[in-house]
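Here are some notes to read alongside the model.

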Amino acid sequence: QGYEAAHVRHPLSEDEEMVYALLKKSPLSIDAITEQSKLPTPRVSVVLSLLELKGLITLSGPYALVTR
């Protein structure tokens, strides 16, 4: 697991690590995350929800933002 996973209670999955790394660069919309990650939109939605539940990101309107 990567650096980020060591600082949360639950380790991040490969998909969570990838999406989190994208969001650390800048806030992105779900469409942009889907395009850049090559993950299907439903999977991106699940990953964003999990990252939000883990307290790593915040969903604000159409954008996801890293909070930690």
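**Notes on salt bridges and helix packing**

1. D15 and R43 form a salt bridge, with 2.8 Å between the closest N and O atoms (the term requires a side-chain nitrogen of Lys or Arg within 4 Å of a carboxyl oxygen of Asp or Glu). This pair joins distant parts of the chain, 28 residues apart: D15 lies in helix α1 (residues 14-25) and R43 in helix α3. Helices here are DSSP runs of H or I with at least four residues, strands are E runs of at least two, and both are numbered from the N terminus.

2. A word on the basis: this is a predicted model, where local features need pLDDT of at least 70 and side-chain atom pairs pLDDT 80 or more, while totals for chains, interfaces and linings use all residues. Residues are numbered from 1 along each chain, and side-chain values use heavy atoms, without hydrogens and water.

3. The whole structure holds two salt bridges. In the other, E16 meets K54 at 3.1 Å, N to O. E16 belongs to helix α1 and K54 to the loop between α3 and β2 (57-60), 38 residues apart.

4. How accessible is E16, buried or exposed? E16 is buried, at 3% relative accessible area, whereas K54 is partly exposed at 22% (buried is under 20%, exposed over 50%, partly exposed in between, with a 1.4 Å probe and protein chains only).

5. Helix α2 (residues 30-37) packs on helix α3 (residues 41-53) at about 110°, with axes 9 Å apart. The contact (heavy atoms within 4.5 Å) involves I30, I33, T34 and S37 of α2 with T41, V44, S45 and L48 of α3.

Methods
Axes are lines fitted to C-alpha atoms, for helices over the stretch in contact, and angles run from 0 to 180 degrees between N-to-C directions.
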